[in-house]
Amino acid sequence: MTKEYRQHRFRLPPDATEILLVRHGASAPVRPGERHPLDPDGHGDPELAPEGIAQAEAVADRLVEEDGIAAVFVTGLRRTLQTAEPYLARTGHEPTVVPELREVHLGDWEGGEFRIRMQDGDPVAWQAVVEERWDLFPNAESMETFAARVKAGVERVAAQIGPGATGAAFVHAAVIGEICRQATASRPFAFIHAENGSISRLVIFSDGRWLLRAFNETRHLP
């Protein structure tokens, strides 16, 4: 019989770690004259909108289909914990808070100001998109500081999950974008458009290499 070499599905190597990057559900809207509350470090900390709660339930439906999620992580901002809660309720996992993976700090444009300015066509907001730099906003976190803390957060998560296992981290759009940038050596904003409730997949090999296996999976969303 002639030997055949067939294609096969990806299998996580026994010495590698997989992280499912779940973007939180849609957060509460911003209204004229109001701003989202801030956490003690000055990050905007809104709750989920009703559509975000529905997305969280859909995420839970999807994650229970995954084989053996070993650990769950949130960032300490309410929208990530609220997105994780339906899955936590079904599985009994206790989440670990990883503040290094909180959203990029937008300085004076926290609390919903960035969202307003983007949707109203503020020229500085659009300049930041064109130049692919968050730190064009007044008092915003530098690109270098953001990149370093996100890398540290991913390494902390991977170490806790351990080799040959998968974990789920409920995080933010810019954080997912930065992780994907580091994994692929892409432009800074090439991956910042992950949908609310989407799932992306990162594999970290024992030699330190990062592999982006999937970005912005959304078939499970309503």
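What follows goes through the pockets and then the salt bridges of this predicted model.

The largest pocket has a volume of about 910 Å³, and among the 37 residues that line it, R23, E103, F114, R115 and A173 lie nearest its centre. Helix 1 (50-63), helix 3 (113-119) and helix 6 (173-184) each contribute at least two residues to this lining, with helix 3 providing the largest share, 4 residues. By class, the lining of the largest pocket comprises 17 nonpolar, 11 polar and 9 charged residues.

The second largest pocket, with a volume of about 410 Å³, is lined by 16 residues, of which E18, E66, D67, R201 and R213 are the closest to its centre. Strand 4 (165-171) and strand 6 (210-217) each supply at least two residues of that lining, which divides into 3 nonpolar, 3 polar and 10 charged residues.

Turning to the charged pairs, the model holds 24 salt bridges. One of them joins R90 and D61 at 2.7 Å, N to O; because R90 lies in helix 2 (residues 78-91) and D61 in helix 1, the pair ties together parts that are 29 residues apart in sequence. R90 is partly exposed at 41% relative accessible area, and D61 is partly exposed at 40%.

Within helix 3, E113 and R117 lie 4 residues apart, about one turn of the helix, and form a salt bridge whose closest N and O atoms are 2.9 Å apart. E113 is buried, with a relative accessible area of 14%, whereas R117 is partly exposed at 27%. Elsewhere, salt bridges that share partners join E18, R62, E65, E66, R201, R213 and E217 into one network.

Technical notes:
Residues are numbered from 1 along each chain as its sequence is written. This is a predicted model: local features need pLDDT of at least 70, side-chain atom pairs count only at pLDDT 80 or more; totals for chains, interfaces and linings use all residues. Side-chain values use heavy atoms; hydrogens and water are left out. On a 1 Å grid over the protein atoms alone, a cavity is a set of points where a 1.4 Å probe fits but cannot get out, and a pocket is an open set with protein on both sides within 12 Å along at least five of seven lines; lining residues have an atom within 4 Å of a point. Grid points are joined across faces, edges and corners, and a volume is the space filled by probe spheres set on the points. Ala, Val, Leu, Ile, Met, Phe, Trp, Tyr, Cys and Pro count as nonpolar, Asp, Glu, Lys and Arg as charged, and the others, Gly among them, as polar. A salt bridge is a side-chain nitrogen of Lys or Arg within 4 Å of a carboxyl oxygen of Asp or Glu. Buried means under 20% relative accessible area, exposed over 50%, partly exposed in between (1.4 Å probe, protein chains only).
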